[in-house]
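Q: I have not worked with this structure before. Could we go through some of its contacts together?
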Amino acid sequence: MAGEPQKKPQPPFSALVGHTNGLTKAASLAAVAGARSGAGASKKLVIKNFRERPTLPDNYTQETWQKLHEAVRAIQNSTSIKYNLEELYQAVENVCSYKASPTLYRQLRQVCEDHVKAQILQFREDSLDSLLFLKKINKCWQDHCRQMIMIRSIFLFLDRTYVLQNSMLPSIWDMGLELFRSHVISDKQVQTKTIDGILLLIERERNGEAVDRSLLRSLLSMLSDLQVYKDSFEQRFLEDTNCLYTAEGQKLMQEREVPEYLHHVNRRLEEEADRVVTYLDHATQKPLIACVERQLLGEHLAAILQKGLDSLLNENRIADLTQMYQLFSRVKNGQQLLLQYWSEYIKTFGTTIVVNPERDKDMVQELLDFKDKVDHIIEVCFQKNEKCINLMKESFETFINKRPNKPAELIAKHVDSKLRAGNKEATDEELERILDKIMIIFRFIHGKDVFEAFYKKDLAKRLLVGKSASVDAEKSMLSKLKHECGAAFTSKLEGMFKDMELSKDIMVQFKQYMQNQSDPGNIDLTVNILTMGYWPTYTPMDVLLPPEMVKLQEIFKTFYLGKHSGRKLQWQTSLGHAVLKGEFKEGKKEFQVSLFQTLVLLMFNEGDEFSFEEIKMATGIEENELKRTLQSLACGKARVLNKIPRGKDVEDGDEFIFNADFKHKLFRIKINQIQMKETVEEQVSTTERVFQDRQYQIDAAIVRIMKMRKTLGHNLLVSELYNQLTFPVKPGDLKKRIESLIDREYMERDKDNPNQYHYVA
């Protein structure tokens, strides 16, 4: 035992404990006081430090290091340690307590450095193949890590005191990393062979071979721990990746169809992301994924879109379009370019629907179907992208107005077909949905006045001929139009409904009036009173009515003018309809017919056969209208008359015979659909009326602007007109209207500047 005896006899504490080859800390034992004093003694026990610090034997540090050195060598050689680990730890603590820490740290570093230096020799052999080399370097690294953990646990006291207090010194673990980096990995041959081997394994895996991923993970983790990952591995890895995907992108773009190519790109991105998770450093993820995206996508954006977008959209390949959108969204300008091509596709496809007159019959339904398809793609594939929705609206507006007026006319007719009685395609809810979809298409149209004109004409027929499917549906459509275009747009249409309701009230009063007549007659008359300003303009057609009808007309006229003096009634015979009873061999039938059909059929009460000329003379119906009427009675499905000679068209010399053998499964037969059909003349006159109204609106707008501005240049006037007018108009048409107003002296040209106009009060 080492130490000096105290001067006082029988000291209560010993400075040294057992045979530990080490010193305990001074004053580390405290307190078994009072052992000797009596139970009731009042003396205090005072514990004092050694007057002099115990000294170590001369050879203590050297002997202790010898033991520690043996232990370190045993760890490095993977042999058993002779000494207890606790004993070794205590020995380190004792040496450190006596200020031998610098020497101990230096000696430990030297032992570790000697061992690491010796490891390099095993990697000098050229005979090792790549995989064996990687396994060998990995084993060496794993052994080194395990050894340094064991060594650090023995020298922990040194690590936590001396090393911690000296910021310039690396910790024992960092010292081990530094030594391995300096003497093993920084060796040019070892580093090159290691990096080449790792890159070769990754290349094999990319080519579909199975590789040892745990080996890769361990080796790349080693490079990260040694802080050489970025400089020695990552740069070369990204260069190789760039070369691989540059070549692969160019090759596969030539060989594969777009969906297949996109699947490949997606698979490659997933594989590389998995590599980052499995064995690459997390910091590599961003440049690696960016490299794949750039070479497989970014370099081929336009080529992919030109090669495959149209076919994907035409075939409605939802899954492939979704994948395309997701992949393009990852690349700079990818989404923007995709939406640009998408917009062009909509314009091109839509234009083919709109501009071809042969497709007019199904144009609106095709537009609705196309809009549904586009909406579905936006919702499912393009994630309801706001830019995409706006582009779609702009594209629809562009192509639908490439053919002026016709789409507006056809939309009005499509609405008519849906709101007409006999349309059994839809329930009320479905009809409401269809009308909502039509309104979306309607929004894109510039010339809404054309729609209004044709809608008003068709609505009038539905109301007057009693062909409207549902008053609720009619009013719902009216409220949609009001919401979209304002009250001024629908004021006349609302007036038409008011007229119909007022007419019902008038007819109730008229029926009471008829009951008080001495000879009420056997014909039940219903009259609709129409305000001329609300309804379409109808050309009055004078026909020769039977005396009974003329008498009823006069009675109603007397009744109505008696209530409303100062008004003028004009009968519109072209809109009249009636129910006729007929007797045939098979039995009695009822016919729902137009007034013109009524006049023709009533003639056959006087005889069984009449010529075209005779019917024309007797009824007074205009020739073309009479031909349409006779065609519906003698050449349609329900042939109440027989025509000689047979044929689809009615000619001037044709004879018509009453068909006594007429048969039909229904009791009441509708033959007055002819009234609902639009004639060519009607269509032309409606269009002409719209253009005439437009001229009035242009004139009014010019006068309004000039009245306010007094003097204005031509270009500014035209610009103001474009802002105010709600329909498309050509500059040439505006110039004509300006010239017309100058001729009519509403305005005049400036004498010095012909492009300047002055308002004439």
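Q: Which side chain does Asp416 meet in a salt bridge at 2.6 Å, N to O?
A: This is a predicted model. In it, the side chain of Asp416 meets that of Arg462 in a salt bridge, at 2.6 Å from N to O. Asp416 belongs to helix 18 (residues 406-419) and Arg462 to helix 20, so the pair ties together parts that are 46 residues apart in sequence.

Q: Is Arg462 buried or exposed?
A: Arg462 is buried, with a relative accessible area of 1%. Asp416 is buried as well, at 4%.

Q: With what else does Asp416 form a salt bridge?
A: Asp416 also forms a salt bridge with Arg420, where the closest N and O atoms are 2.7 Å apart. Arg420 counts as partly exposed because its relative accessibility is 28%.

Q: Back to helix 20: how does it lie relative to helix 22?
A: The axes of helix 20 (residues 448-464) and helix 22 (residues 487-515) come within 10 Å and cross at roughly 5°. That makes the two helices roughly parallel.

Q: What classes of residue make up their contact?
A: The contact of helix 20 with helix 22 has eleven nonpolar, four charged and no polar residues. Among them are Phe451 and Tyr455 in helix 20, and Phe489 and Met496 in helix 22.

Q: New topic: where is Glu205 found?
A: Glu205 is found in helix 8 (residues 188-206). Glu205 counts as buried, at 13% relative accessibility.

Q: Which side chain does Glu205 join through a polar contact?
A: The partner is Arg213, at 2.5 Å. Beyond its neighbours within four places in sequence, Glu205 is in contact with Val211, Arg213, Arg275 and Tyr279.

Notes. Residues numbered from 1 in each chain as written. Predicted model: local features only at pLDDT ≥ 70, side-chain atom pairs only at ≥ 80, totals over all residues. Heavy atoms only, no water. Helix = DSSP H or I, 4+ residues; strand = E, 2+ residues; numbered from the N terminus. Buried < 20%, exposed > 50% of the residue type's maximum accessible area, 1.4 Å probe, protein only. Polar contact = N/O pair within 3.5 Å; in protein donor to acceptor, adjacent residues only side chain to side chain. Contact = heavy atoms within 4.5 Å. Axes fitted to C-alpha atoms, helices over the stretch in contact; angles between N-to-C directions. Parallel < 35°, antiparallel > 145°, perpendicular 65-115°, else oblique. Nonpolar A, V, L, I, M, F, W, Y, C, P; charged D, E, K, R; others polar. Salt bridge = Lys/Arg side-chain N within 4 Å of Asp/Glu carboxyl O.
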